[in-house]
Amino acid sequence: MKNFLILLIMATASVTANAQAKKAEKHRVVFQMSTADAQEQQGLIRNLNHLMEGWGDTFEAEVVAHGPGISFVTNQSVVAGEVKKLAAKGIKFVACENTMKQKDIKHSDLLQGVGTVPMGLAEIVLKQEEGWAYIKGNF
Amino acid sequence: MKNFLILLIMATASVTANAQAKKAEKHRVVFQMSTADAQEQQGLIRNLNHLMEGWGDTFEAEVVAHGPGISFVTNQSVVAGEVKKLAAKGIKFVACENTMKQKDIKHSDLLQGVGTVPMGLAEIVLKQEEGWAYIKGNF
Amino acid sequence: MKNFLILLIMATASVTANAQAKKAEKHRVVFQMSTADAQEQQGLIRNLNHLMEGWGDTFEAEVVAHGPGISFVTNQSVVAGEVKKLAAKGIKFVACENTMKQKDIKHSDLLQGVGTVPMGLAEIVLKQEEGWAYIKGNF
């Protein structure tokens, strides 16, 4: 009986330790890109590059482009080359389908490697609910 | 004794399961409205409507209007009708009392159904402390 | 044995109660200052003062100045006096070293009492990972 209790306590301690180790393993960040301003779009690219350099494989990021920020991930994007490069390195880029409908943007108008989500803001909320940090990517 | 332990473990498991179910039950979001820009104010309305359509009763939102964004919830608001409609559907709107004092805005200047909080930013912090997601509602 | 179990349950309850008490003890907030706009910089000062008045010793804040917002904490800052006063009262101000390199800003160009961090956005993410609330300080 006593052994059983000790095991129970050890199991609890182990679960807690695992949860904390997991927390430190990865830096998960959801970025909100909601501006058409070219300088601010370039600013986010610069920041993503810095974070990748600093954190390497422990950096997991998703950029949600919505509203005027949808231009960040279309074929006419002023940062098209950089977005494609970062997508190839594992940064996730998604466009808001609501915004796409509103602005008549088709899937073929999006840069290669860019995914979509039904609602941009909902995606940002869901990520925060999963424990991701949130950064509003307009400066 | 053994039965008691089994009960204890079941109770613990049940508490954990409930906590997770509760987390999924509601999407709680606090929005910061801090701009007087009409287009950005209309953008937040559009987003609130989309989230209500998508999430229905599982969407719980509070919009905190402060600084220049206080105009979002006054009688002169460019989105007065939409704010009143969303308030009637259960979205909570609150104005910052500090901003009201600073701009000499009275309670009677606020749209019907709009509440107040002593400090707008403090309210946003308190909501995050309670586990709500945060969205800066200027785009 | 029964006593041991009661102790175990009491210990669990006590840990939970402590966690909640600790949560309420301090309001920890990381602010992102990323704009050179004088009015918005003054707005953040006003908000920091309000929060200090309202929350006193239970308010713990760190302001991360990066990108165009770096001007907030340099010797030419339009809010230099206010930043120094708030720093003396315990508000922490840090400048992004990446931005400093990019804009050729030296440590001696920073206001007294201002620290630095390797990457501004990384600092904001780390604070969120530690449970701090996040406020984007441009309005």
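**View 1. Strand β1 of chain A pairs with β2(A).** Strand β1 (residues 27–33) runs parallel to β2(A), and 7 bridges join them. Strands count as paired if DSSP finds at least two bridges between them. R28(A) lies opposite E60(A) of β2(A). From β1(A) the chain crosses through helix α2 (residues 38–55) of chain A to β2(A), in a right-handed β-α-β crossover. Right-handed means that, with the strands pointing away from the viewer, the path from the first strand over the helix to the second runs clockwise. Helices (H or I, at least four residues) and strands (E, at least two) are DSSP runs, numbered from the N terminus.

The model is predicted: local features need pLDDT of at least 70, side-chain atom pairs count only at pLDDT 80 or more, and totals for chains, interfaces and linings use all residues. Residues are numbered from 1 along each chain as its sequence is written, chains are lettered from A and ligands numbered from 1 in written order, and side-chain values use heavy atoms, without hydrogens and water.

**View 2. Strand β2(A) also pairs with β3(A).** The pairing with strand β3 (residues 92–96) is parallel, over 4 bridges. V63(A) has F93(A) as its bridge partner in β3(A). Helix α3 (residues 80–88) of chain A carries the chain from β2(A) to β3(A), again in a right-handed β-α-β crossover.

**View 3. Helix α2(A) meets helix α5 (residues 120–129) of chain C.** Their axes (lines fitted to C-alpha atoms over the stretch in contact, angles from 0 to 180 degrees between N-to-C directions) come within 9 Å and cross at roughly 70°. The helices are therefore roughly perpendicular (65 to 115 degrees).

Methods: Parallel < 35°, antiparallel > 145°, perpendicular 65-115°, else oblique.
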